[in-house]
Amino acid sequence: MIVAANWKMNPALAAAGVLARALATQAFPHIQRILFAPHPYLVPMSVRLSDGDVRLGGQDCHSADSGAFTGDVSASMLRDCGASTVLLGHSERRAAHGETSHIVAKKAAAAIGQGLDIMICVGETKAERDDGKAEQVVIDQLRVSLPAQVPASKISVAYEPVWAIGTGAVAAPDDIAVMHAVIADVLEERFGAEAVPPILYGGSVNAENASAIFAVPKVRGALVGGASLDADAFARICSAASRRAESGIAER
Ligand code: PEP
């Protein structure tokens, strides 16, 4: 199980430091935690996380390693600032920065080339779901976003229905199960049944609904936006993931 915090363009630096110290001083067995921090915060957060087991990631990277790309950051810069992973293809970047799945694949290849792990986001809009296209949209996004040469061990996928992000409208467990099964099929086709990378759910996950989401088949964690800015709420989500992971181990 993976629980990842996506702080987006939040919070102020002082509050970020307090949140990161809370993350570093807590421990949750059987789960991996990741903090996707704003790029200027990577170095200060890497210092604050240094005595804990939380991994640090960037929220995007460029596909080139250097050059005339004002305002962008490269995968090697993320790595040099303490990141070991990067979030790619978030719907906010797809929508606000015109990021296509082809661009995401190039960024993913660059990140892998620099030794970073990648978390690729996919998800349908409300209009696409209402049109009955949710499954096909997500299949197409994922197939194109995955670069040609990528080891399964370097990847995770976050299924994030766009209409559920930041709205409080969490997807129904049955719908999450269907979409995760569809994503697992694509990953199995690509990597084989024994090497399907973790698939996380994202979209209005909070301390109250996390356990029910983690009980859905093939859900291996959560990408958490708003609730990750509240140390207590995020800790409760991590606790729920930890319990789920423990019961999974007991079932085996
Ligand atoms: C996100 O931005 O990835 C996200 C899931 O946000 P929220 O949890 O606020 O819906």
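A cavity, on a 1 Å grid over the protein atoms alone, is a set of points where a 1.4 Å probe fits but cannot get out, and its lining residues have an atom within 4 Å of a point. Keep that in mind; we come back to it.

Some ground rules. This is a predicted model, where local features need pLDDT of at least 70 and side-chain atom pairs count only at pLDDT 80 or more, while totals for chains, interfaces and linings use all residues. Residues are numbered from 1 along each chain as its sequence is written, and side-chain values use heavy atoms, with hydrogens and water left out.

Now the barrel. Eight strands close into it, in the order β1-β2-β3-β4-β5-β6-β7-β8, with parallel pairing. Strands here are DSSP runs of E, at least two residues, and helices are runs of H or I, at least four, numbered from the N terminus. Two strands pair if DSSP finds at least two bridges between them. From one strand to the next, the twist averages 25°. Angles run from 0 to 180 degrees between N-to-C directions, and axes are lines fitted to C-alpha atoms, for helices over the stretch in contact.

Where do β1 and β8 meet? Four bridges join β1, residues 2-6, to β8, residues 221-224. One to find on screen: I2 has G221 as its bridge partner in β8.

Next, helices on the sheet. Contact means heavy atoms within 4.5 Å. Helix α7, residues 134-145, touches β5 (117-122) and β6 (155-159), and its direction makes about 155° with that of β5. Helix α8, residues 173-191, lies across β5, β6 and β7 (199-202), at about 150° to β7.

Stay with α7. Helix α5, residues 101-113, packs with α7 at about 35°, their axes 7 Å apart. From α5 come S101, H102, V104, A105 and A108; they meet Q141, V144 and S145 of α7. That contact has four nonpolar, four polar and no charged residues. For the classes: Ala, Val, Leu, Ile, Met, Phe, Trp, Tyr, Cys and Pro count as nonpolar, Asp, Glu, Lys and Arg as charged, and the others, Gly among them, as polar.

Back to cavities. How many reach 30 Å³ or more? The count is one. The largest cavity has a volume of about 40 Å³. Volume is the space filled by probe spheres set on the grid points, which are joined across faces, edges and corners. Its lining is A5, W7, L19, A22, L23, Q26, S228, A231 and F234. Helices α1 (13-25) and α10 (231-251) each supply at least two of the lining residues. α1 gives the most, with three. By class, the lining has seven nonpolar, two polar and no charged residues.

Conventions. 1 Å grid on protein atoms, 1.4 Å probe; cavity = no way out; pocket = protein on both sides within 12 Å on 5 of 7 lines; lining within 4 Å.
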